[in-house]
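Please open the model in your viewer and keep the selection tool at hand. This tour moves from one residue to the next and says what is there at each stop.

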Amino acid sequence: MTAASGGAQTARPTRLPRSARRKQLLAAAQQIFVAHGYHAAAMDDIAERAGVSKPVLYQHFPGKLELYLALLDTHCDAIIAKVRDAMLATADNKERVKGAVRAYFDFMDHESEAFRLVFESDLRNDPQVRQRVERVEQGCIAAVTDTIISDTNLAGDSARLLASGLVGAAGQSAQFWLASGRRTPKAEAEALVAALIWRGIASFPLQGGASGGTTAEIG
């Protein structure tokens with residue numbers, strides 16, 4: 001059917017597979033949420049940024065909160081996976097510590113500024129958002145705890161306490177580094193934090209060490 005004479009013909013959004021469209025909408029939403037925060041962001045702005053109509057946006061996400069939570073899930077899963085991968089990538093515990101620290105610094109330093117959604121959300125009081133933010137900390141602690149238990153003589157509760165210290169130091173240091181304007185070069189900052197953590201964790205006896213406690217070498 002052709003448009004009536006003199007009438008404007010409206011261009012329709014390009015049809016994409018559902019998974020591709022969802023990815024496009026999430027990318028647009030992330031830009032809006034990062035720039036304006038949750039409360040000031042509007043679904044109109046997100047639809048416009050994605051180049052789709054609001055009905056198309058609502059076909060994929062019932063509302064703004066569902067869209068925000070989907071983004072949070074994506075980035076929360078990503079940081080947990082990065083820490084877990086650092087633990088599994090090598091049997092060298094010093095390198096594992098470096099990898100865990102690097103995971104946090106990379107996340108904070110990424111050009112997408114996705115860290116703002118996880119660590120600087122203006123919706124932290126919402127139970128669903130708070131649950132996801134807490135899941136990041138607990139997921140990263142669990143990944144490190146498993147490694148500590150397998151490599152040392154520490155019991156579960158002690159290993160979790162030690163893992164929380166490692167995760168807390170890495171996360172807080174990365175946030176401080178970013179908030180301070182990256183005044184220390186990233187590689188140097190990572191090395192400093194990793195050295196601090198390693199000098200503490202390396203003093204714990206390795207599994208199968210001598211009765212007096214065989215400690216990991218501090219390099």
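Begin by selecting Glu190, which counts as buried because its relative accessibility is 11%, below the 20% under which a residue is called buried. Bear in mind, as you look at this and the later stops, that the model is predicted.

Lys186 itself counts as partly exposed, at 24% relative accessibility.

Now move to helix H8 (residues 156-179) and select Arg160 together with Asp157, which are 3 residues apart, about one turn of the helix. These two also form a salt bridge, with 2.5 Å between the closest N and O atoms. Asp157 is exposed, with a relative accessible area of 60%, while Arg160 counts as partly exposed at 41% relative accessibility.

For the last stop, select Arg135 and Asp73, whose side chains meet in a salt bridge (3.6 Å, N to O). Because Arg135 lies in helix H7 (residues 127-151) and Asp73 in helix H4 (residues 64-88), this pair ties together parts that are 62 residues apart in sequence. Arg135 counts as partly exposed at 31% relative accessibility, and Asp73 counts as partly exposed at 25%.

The pairs visited here are among the 12 salt bridges that the structure holds.

Conventions. Residues numbered from 1 in each chain as written. Predicted model: local features only at pLDDT ≥ 70, side-chain atom pairs only at ≥ 80, totals over all residues. Heavy atoms only, no water. Salt bridge = Lys/Arg side-chain N within 4 Å of Asp/Glu carboxyl O. Helix = DSSP H or I, 4+ residues; strand = E, 2+ residues; numbered from the N terminus. Buried < 20%, exposed > 50% of the residue type's maximum accessible area, 1.4 Å probe, protein only.
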